[in-house]
Amino acid sequence: MNLASLKRAAQRLLPSGGWYVIAIPYLWLLLFFLIPFLIVLKISFANIALAMPPVEPVFVWTQEQILQIRLHFSNFGFVFGDSLYIEAFLTSVRIAGVSTLLALLLGYPMAYGIARAPSGWRNVLFLLVVLPFFTSFLLRVYAWLGLLGRSGPLNGLLLHLGLIHEPLQLLQTDFAVYVGMVYSYLPFMILPLYSAIEKLDLNLLEAAADLGCRPAQVFFKITLPLTKEGIFAGCLLVFIPAVGEYVIPALLGGPDTLMIGRVVWDEFFANRDWPVASALAIVLLVLLAGLVLLLQRIQAREEAT
Amino acid sequence: MNERRSLVVLSAMVFGFAFLYLPILAMMVYSFNASRLVTVWDSVNSPTIAWYRELFDNTALLDAARLSFQIATTNATGAVILGTLAAYALDRYRLFKGRGAFNVLTTAPMVLPEVITGLSLLLLFVALEQTVGWPRGRGAVTITIAHITFSMAYVIVIVKARLATVDRSIEEAALDLGARPWKVFAVITLPLIASAIASGWVLAFILSWDDLVITSFVSGPSSTTLPQLVFSKVRLGISPDINALATILVLLVTTCVASAGIYMVRAERRRLRDAQMAFEDGV
Amino acid sequence: MSEAYIRLEQLTKRFGEFVAVRQVSLEIAKGEVFCLLGGSGCGKTTLLRMLAGFETPSEGRVWIDGVDVTDVPPYERPVNMMFQSYALFPHMTVEQNVAFGLRQDGLGRAVIAEQVRDMLALVQLEGYGKRKPHQLSGGQKQRVALARALVKRPKLLLLDEPLGALDKKLREQTQFELVKLQEKLGVTFVIVTHDQEEAMTLATRIGVMRGGEILQVGTPTDIYEFPNSRFVADFIGSVNMMAGRLSVDEADHARIDCPELGATVYIDHGVSGPPDSSVSVAIRPEKIQLSTERPSQKDNVISGVIAGVAYLGGATRYLVRLPTGFLLKVTEPNVLRHEAHFQKDEAVWLCWHGSAPVVVTR
């Protein structure tokens, strides 16, 4: 189809200002999403300066009217040279990974239970999973501050039961971060799992049982493989925000729970080192993009076979 | 279902829902606790509504809430307009150059860590101020722009999903009967996707109302939103008036969501009854 | 046909590389019911959508009542369409649906109300005006869609599989109502369908389509009795199709050697084809007669053995195996009750009239 006839078709069938329909949101996203990135990229190659903004220019017109581009790779060298940053990346991946796994272990049976509940109950339970999402994320994380405190109800309960003799240090530990992560992102895990399990044809399970499969085998050979897409989506939805999370480690984690989101924040706000913060952001972005592409490729390969 | 598995499922559900709701319930209960040491229950003077009273005397908090509400409303409206346009473009114009890039651009803000979005937008605003002199400083305007940028992605997903279910021939029928394209959009398409747009609005509102990280990057000294205020407070430890605030917000949201849920169940029942009626009427 | 009310000139529609409609020229008279018949993907719907204005032709022109409407958008064409899915506006009542088109013309309230009332009466939906589409049965929806499309008195009404969504019983009843309504209003209809029975019942003329082209245009009788190609003969109704060679071709008769039949087919008219050319012979199953005795006629008599019997109620369908091994379909009407049927494995004679076979060359 050539451009003229396409345009004619568009003029005919769509609102006459049809091209603006595309242009307005497109321009918005270009201006406020794509260009900001390019700026981050640019600043990640800049030198820090004592000014506002605290960076040296990258593109400079010299006196001979020649455009000079001053790229400094030192920020990336700094990021990869300092074990603190490497550790922050590793910690982020570990905490996000473990949290995702925990959320999956808890979320799968829950999603299963909801999907198989009597239809009247199903909507109510579904709503109960969604509801926390609508209440403030920050306040829900905050709730754990009280619960996990030295004199909080959890320690109180454990003391009362005689399981411990003095209050445990629960806050400001990785444990608290795991709790906060699973707690905050559990709904993201349950929703895709729920829709995958609900779609599952029950006849398949009955057929498998009819052909002599034991219940556990039915689960591992039929249910699990057929809900793989839901598992995939759920894990992605938990892992991605968890890797870059700031609030949870900042509130519940200890000083040594260094996650990358928190490091970027601190570099930016505390150290005012915009170039290093930008370099960290770029590395995090590449990491995430690589992960998403890898998963896509795995998925594509599975579909192909 | 076999016994062992149903036991696993049942205990996971009991534990899971307790896990989801006990912290919220505890927070609500402690909001009536007279003791300043939030987690120690003062059985003599409790329950008390002292913290609620304090909440409403706290002008800084009320101002922050008002600002957050303003930003969230503007953001939701802007995100819905832009998001609906984008969703419409993606659903209806199958063949335009840069469609793939557009698709990526619309979904990327959802998967991007908030620190990156916040950082990049701040750098943009600084660069813009330097080059074109706008926006002057950071505040409600920059926060709103930042919120629209990331929350419109969610609106796009919701509206696009609904548009995909709209039978195109309904719009063609309206064209065929003499309605001009913009009118078709206004009187046919828009009413058909209205509930998706409403959901998108609510979601965008909540995302903005809740956001801390992006806001912190792009806000200025004169603009403190509610999450920023809460965060600066809870960073120093627990504080009983925050419990009271959380209780109010949770109850508010629960009421809204529950009534929306009940309304939807009723509408579904009515629809089934109508269909039944048509069936019994025959031909 | 004295004047062409609708005229398509060399209409072509391409979607990228794919040619959906290829060089279609067609003339339709005022008040006709014209059926476009074909399987899925034959281009009939694309052709209809070009008439409605939803698709722009890649080449060619469309004329309606002497006006070139090729570049007229759908909302300005004197054409209305009834969609396959009915496409009723789900958020509007029946009345609002029917009134929608009139509103766009800016008619007064009273006029609209009156016309809507009359139209609903015409399709026997009085008292349903306040209902929403989801409160209607399939048949009712179909009639609302029809009323909505007819209320603007279009010069041309397009119907996309108008009865496709109805069950069989309702479809038969609705077919006759549709014909009655069309006669009463005198609106020109163009119907798209894949159902040959529907086309035969409704149409004054049928255009059989395949691969974006119209293979044959004619009355239902023409199409059935004188198909011009193997495809048309095969597509409409049931047929026995045999390959053959034209051996005799005179002005008043012709003979074709059919190896599959093991006989020569006699035809009572000339076919004016090149001598010795390969042709196909088509004989409809109901035009073949079965008997236990050898029939007295000289030509078109062969013998066979009943290989299969299917009792269909109104008729019985036999499969007869010829000595060559070829299987011939034969349909006999069940005129009498308890008629003596032929049994499986029974030896029978087959014969047909000289006018029964149709010779097609493509």
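Contact means heavy atoms within 4.5 Å. The model is predicted: local features need pLDDT of at least 70, side-chain atom pairs count only at pLDDT 80 or more, and totals for chains, interfaces and linings use all residues. Residues are numbered from 1 along each chain as its sequence is written, and side-chain values use heavy atoms, with hydrogens and water left out.

**Exercise 1. Describe the contact of chain C and chain B by residues and buried area.**

Step 1. Take the residues. Chain C gives 32 residues and chain B gives 26 residues.

Step 2. Take the area. Buried area is the accessible area (1.4 Å probe) that two parts lose on being put together, summed over both. Chain C and chain B bury about 2400 Å² between them. Of this, 59% lies on carbon and sulfur atoms.

**Exercise 2. Find the salt bridges and polar contacts between chain C and chain B, then sort the side of chain C.**

Step 1. Apply the salt-bridge rule: a side-chain nitrogen of Lys or Arg within 4 Å of a carboxyl oxygen of Asp or Glu. The rule finds two salt bridges across this interface. One of them joins Glu76(C) to Arg180(B), at 2.5 Å from N to O.

Step 2. Count polar contacts. Each is a pair of N or O atoms within 3.5 Å; within protein, one must be able to donate a hydrogen and the other to accept it, and residues adjacent in sequence count only if both atoms are side-chain atoms. Chain C and chain B have 10 residue pairs in polar contact, with both residues at pLDDT 80 or more.

Step 3. Sort by residue class. Ala, Val, Leu, Ile, Met, Phe, Trp, Tyr, Cys and Pro count as nonpolar, Asp, Glu, Lys and Arg as charged, and the others, Gly among them, as polar. The side of chain C that touches chain B has 16 nonpolar, 10 polar and six charged residues.

Conventions:
Chains lettered and ligands numbered in written order.
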